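Please keep the sequence and the coordinates in view while reading.

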Amino acid sequence: MNPFRASFRIQFLLGFLVCAGVLAYAFHTQFRDVNPLDPCPLCIFQRIAFFSLGVVFLLGALHGPAQRGWRRVYGVLALVAAGVGIAVAGRHVWITHLPADQVPSCGAPFEFMRQTMGPMKLIQKVMTGSGECAKVDWTFLGLSMPAWSLLCLILLAVWAGYAAFRRR
């Protein structure tokens, strides 16, 4: 089966499965027995973006609209979710490449900030990043986890755009 010729429903189901796989791996690295990796605040926001994108993919797959207008609605929603994730992951990659003397200092733990700040202040504080966000604990093929996250989000955005806006 060629996924590029599959139905909208199958293409969005594949997008959902990729999002679920990425999240499953992220939680695996956090909760494994040997050398667990605690997510920084920007990592948590990237997980939220993958979750949101996965929900859009799943809803689109379950609905499986025949009308082009509905497919485009799902496409726009997916592109918005992916775009937010791309912005967060891009910021995270940028912070990991800063020289050591330019990295922001480590702040309060995310859970403490969540309990003591309003939502807009929390988002603003998290998006400025911190020293814990600059630390690279994991690489694969020379890319850090935030870089892989950015790459996956870009590919998922392209996939969603292709599935939702191509002529059938």
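At 68% relative accessibility, Leu 141 counts as exposed, a term that stands for over 50% relative accessible area, with buried meaning under 20% and partly exposed in between (1.4 Å probe, protein chains only). Leu 141 is located in the loop that links strand E1 (139-140) to strand E2 (143-144). Although Leu 141 is not a glycine, its phi is positive, at about 55°. A second case is Asn 35, a residue other than glycine with a positive phi near 55°. Asn 35 belongs to the loop between H1 and H2 and, with a relative accessibility of 55%, also counts as exposed. As background, most residues other than glycine have a negative phi.

The model is predicted: local features need pLDDT of at least 70 and side-chain atom pairs count only at pLDDT 80 or more, whereas totals for chains, interfaces and linings use all residues. Residues are numbered from 1 along each chain as its sequence is written, and side-chain values use heavy atoms, with hydrogens and water left out.

Seven helices and two strands make up the secondary structure of the protein; helices (H or I, at least four residues) and strands (E, at least two) are DSSP runs, numbered from the N terminus. Along the sequence, these elements follow the pattern α-α-α-α-α-α-β-β-α. Of the 168 residues in the protein, 38% are buried. Among contacts (heavy atoms within 4.5 Å) with a separation of 6 or more, 79% join residues 24 or more positions apart.

Attention may now turn to the interior. In soluble globular proteins, nonpolar side chains tend to be buried together. A nonpolar core is here a set of buried Ala, Val, Leu, Ile, Met, Phe, Trp, Tyr and Cys residues joined through side-chain atoms within 4.5 Å. The largest such core has 24 residues, of which Phe 12, Cys 19, Phe 50, Leu 53, Phe 57 and Leu 156 touch the most other members. Helix H1 (8-31), helix H2 (41-63), helix H3 (68-96) and helix H7 (145-165) are the elements that give two or more residues to this core. The greatest contribution to this core is that of H7, with nine residues. Leu 53 touches Cys 19, Ala 78, Ala 81, Ala 82, Leu 153 and Leu 156, leaving aside residues up to four places away in sequence. Another core, of seven residues, lies apart from this one and includes Leu 42, Ile 95, Cys 133 and Ala 134.

Two packed helices are described by the angle between their axes and the distance between the axes. The axes are lines fitted to C-alpha atoms, for helices over the stretch in contact, and the angles run from 0 to 180 degrees between N-to-C directions. H1 and H7 pack at about 170° with their axes 9 Å apart, and are therefore roughly antiparallel, the word for angles over 145 degrees, where under 35 is roughly parallel, 65 to 115 roughly perpendicular and the rest oblique. The crossing of H1 and H7 is left-handed, that is, the near helix is turned anticlockwise from the far one by less than a right angle. Residues of H1 including Phe 12, Cys 19 and Tyr 25 meet residues of H7 including Cys 152, Leu 156 and Trp 159. This contact of H1 with H7 comprises 15 nonpolar, three polar and no charged residues; Ala, Val, Leu, Ile, Met, Phe, Trp, Tyr, Cys and Pro count as nonpolar, Asp, Glu, Lys and Arg as charged, and the others, Gly among them, as polar.

H2 and H3 have axes 9 Å apart and an angle of about 165°, which makes them roughly antiparallel. H2, too, passes H3 in a left-handed crossing. Here Leu 42, Leu 53 and His 63 are among the residues of H2 that meet H3, whose side includes Trp 70, Ala 81 and Ile 95. By class, the contact of H2 with H3 holds 16 nonpolar, six polar and one charged.

The axes of H3 and H7 come within 8 Å and cross at roughly 165°; H3 and H7 are therefore roughly antiparallel. Their crossing is left-handed, and the contact has 16 nonpolar, seven polar and two charged residues.

Finally, two individual positions may be considered. Gln 30, in helix H1, is buried at a relative accessible area of 17%. Beyond residues up to four places away in sequence, Gln 30 touches Pro 36, Leu 37, Pro 39 and Arg 47. Val 158, in helix H7, is exposed, with a relative accessible area of 54%. The C-alpha atom of Val 158 is separated by 10.0 Å from that of Gly 75, 83 residues apart along the chain.
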